[in-house]
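Hello,

Here is the structure I promised to pass on. My notes follow below it.

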Amino acid sequence: MEETKSNGKTVQSLNDVTVMFAGDSGDGMQLTGTQFSNTTALVGNDLSTLPDYPAEIRAPAGTLYGVSGFQLHFSSSDIHTPGDSPDVLVAMNPAALKVNLKNIKEHALIIVNTDSFDPKNLKIAKYDSNPLDDGTLEGFHVIHVPITSLTTNALRDTNLSIKEITRSKNFFALGMMYWLYNRPVEPTIEWIKQKFAKNPDIAAANEAVLKAGYYFGDQTELFTTRYSVESANLPKGVYRNISGNEATAIGLVTASELSGLPLFLGSYPITPASEILQYLSTYKNYGVKTFQAEDEISGIASAIGASFGGSLAITTTSGPGLALKAEAIGLAVMTELPLVIINVQRGGPSTGLPTKTEQADLLQAMYGRNGEAPVAVLAASTPSDCFHMAIEASRIALNFMTPVILLTDGYIANGAEPWKMPLIEELEKIEVKFATEVEGFFPYSRNEKLSRPWAKPGTPGLEHRIGGLEKANITGNVSHDPDNHDLMCKLRTEKIQRIQNDIPELEVDGPSKGDVLVLGWGGTYGSIREAVDRVRKSGYKVSQAHLKYINPFPKNTREVLNNFKHILIPEINLGQLARIIRSEFLLPVIQLNQVRGLPIKSVDIQNKILEILGGNNGK
Amino acid sequence: MANNIDVNEVKLTAKDFSSDQDVRWCPGCGDYSILAQVQRTFPDIGVKKENIVWVSGIGCSSRFPYYMNTYGFHSIHGRAPAIATGLKISRPDLSVWVATGDGDLMSIGGNHFIHACRKNIDIKILMFNNRIYGLTKGQYSPTSEKGKVTKTTPYGSIDYPFNPASLALGAESTFVARSLDRDPKHLQSIIKRAADHKGTAFVEILQNCNIFNDGAFALLTDKETKADHVLVLEHSKPMLFGKENNLGIKLDGFRPVVIDINDGKHSVSDVWVHNEEDHHPIRSFILAHMTDDPKLPTPIGIFREVIKPTYDEGITEQIENVTKKKGRGDLQKLLFESNTWEV
């Protein structure tokens, strides 16, 4: 930590900071957080975000369950998680303070909007006395800012209504934070101008309030220290900040381009997957056809129809929707049509926790169908990885004529990180060949991958019928023959197994042999990576492997696992990958399971690793 | 891809549309006639056979695609309209047909049906209505009459049936028709008209299940009774029926009544003249609900045909417009268009 003086204030240089913006669900905290993230990305920090908002769109003002938060971790070095606990809390009301207090660091900086700490709001937040003066916040560094009145002051000469004025108070908080962490206000001003182009009064007000917040930071004596976080040393390239859902959407469009097939998305809105449908519906000039179906089943059924017609067909959903699509996935298995099913996992069972993250649909993805119905199962590990995995899911679906389930989750779908963008021309093309030759055409003949020919309607002479009844090998006619069914079940399973030949091997980060391997899948990548890094820094040897292909597993998975004494599997479920690994490889594994609707904290994984190491092994 | 379906150059015959599969419906089933009428009509609809796709769900009717030598998809229960929707949107150049039954379409597939109608997806739906579940061996269906005694309703069904034509009209289907398995000429003409319609075409075909619901439509098909019980709707013609063609439907306010044009008190000018293209749907609803009153004949023919842009046309047009405005998408630009920075 370096200290210099500037403008009468100390400037402290930090390696990394975790900030939590929290307020009412109508206070614009997601917007504030997103703006702070984008600006932070532009100044070259590495970052990771965790939006955490209630399922209610506008919960009653001031309530504990109506608190919306946006956590952001930014750094001058490589980081992988939105931070275990915030160093700074911006609390726009008593409820936001109460909800977040138990999670922030000791001695954290708390900036409160004192205007909202009135008897009414305190009561709604179930405070018997005012925490600002009853000792509750002892030990923290608390800064009292009357944000609402300062905002009103800044806009006193405008014709805006009280409601409009108070609505822009989040920009005051944002401006203040920009000053405190030495970030420019210009990118947000640009954004405001575009966003409110049709409403110049509001645009001018928001800009004025943003600047007022910034100057307040500079002039007030409340802040004696200002912080700087130098830009991170990221690999060379052009970057943008990207969320998992947007990366998924762009990945799908890219797969469409790489395969030369038109993209069709059949989908029904569901949190937290709806954004993929929203993004894709804006890409009309890429030839993308999106169909907002009447229900989840129609979402997948329409995609299966489009796949039969020769499109790259996609359906997107979350857990409850995957359950509804199960029968249709079986149809795609039987008809051996390419189909990408994206499940942005959320807390379950049933409606569960719609806006919170979880990894508890793995077994559903693997086995949740009637009959022997194997499908490929893939999982993305970070927001930007969704781009690559969307392409991978499409490639496997098209090459193997099979449905592929791609699992992402609410955390990586909504979370964002800097992404070094690829050059499209450097990406590998996806080869697709439609059947056209009448001679020797059989709908259920197979190539070396065991995939059947794709003959799309409109091709003369290849008229054929497919369907959900068991198919006779090669001819594809309906067959109830016992030996044929036995053969077809085995062929379909073997086909999925052969995907192993077409996917990368499982990589081990760290020694390929040792005491502890932390094995993960999906969105826990960042937490595990950070935990492993910390354990290594304290001198221990520990390795990490992360599965992005779960069915089939990469070819070398057994070999990798056999090289370690202990395998730790942290998951945001009650042990679903652990169960599969045990049954597949007959290996004992150690589980670390949390289902709190939040990413697992690195510190919990770190402690578990140390516990396994017994405090001295491997040092 | 063009929104127009390619027309035929070579003259095909019914035989060209017959696949190599053995037809496995029960002997005497009404489905045989429906298949025959479709195969007879299809050479005349002007579409190449490789551009035709039959999609079905589950039930006796849904075996239909196997017997047509076109592209075909025998899918899962109730979902045929949704699969056909995705196929048609992605491939507007295809002529997409749905073969379905009263259980498949009105029960498990009800939601997909009404939304396909609402969106005016350019698909043709032939619903074989035998008012019974045949493939599961004789349970009552959503079109079975109230009081129906079946295996699952040993004391008679207590729920009210759907009126399929009324449901389709209510869901804004742009083409609603009814025909009979035992009236080949009429059925052929309706299939042809459905093929020519641009938009969702719904055709209810009253079909006899000689195993589980034999004679359900005997009044409408028996030589002795049919003339007095069937009203054949013809555009801009008065609604006349009866052995002597002397009975007519008069519209008394919203209430249709039967009159005798030879009774001295009425003449043919009192008879309601059918207008398929009636802008307002109210009269087609009255026609659909004539089956509520046993004293009235059952109308067959086209209840309503209106023209409005189809969903697949709309989506194609939108893509063209956006592409014209923004230019053909450039993926690399898409990546680089928002806030970027260089390291």
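**Helix α6 of chain A**

Helices here are DSSP runs of H or I with at least four residues, and strands are runs of E with at least two, numbered from the N terminus. From first C-alpha to last, α6(A) reaches 17 Å, close to the 16 Å expected at 1.5 Å a residue, taken as 1.5 Å times one less than the number of residues. Just after this helix, Asn182(A) has a positive phi of about 60°.

Please keep in mind that this is a predicted model, where local features need pLDDT of at least 70, side-chain atom pairs count only at pLDDT 80 or more, and totals for chains, interfaces and linings use all residues. Residues are numbered from 1 along each chain as its sequence is written, chains are lettered from A and ligands numbered from 1 in the order in which they are written, and side-chain values use heavy atoms, without hydrogens and water.

Now to the chain contact. Chain A brings 70 residues and chain B 58 residues to it (heavy atoms within 4.5 Å). The buried area is about 5400 Å², with 63% from carbon and sulfur atoms (accessible area, 1.4 Å probe, lost on putting the two parts together, summed over both). On the chain A side, Asn285(A), Lys289(A) and Arg465(A) lose the most area to chain B, together 14% of what that side buries.

Best wishes
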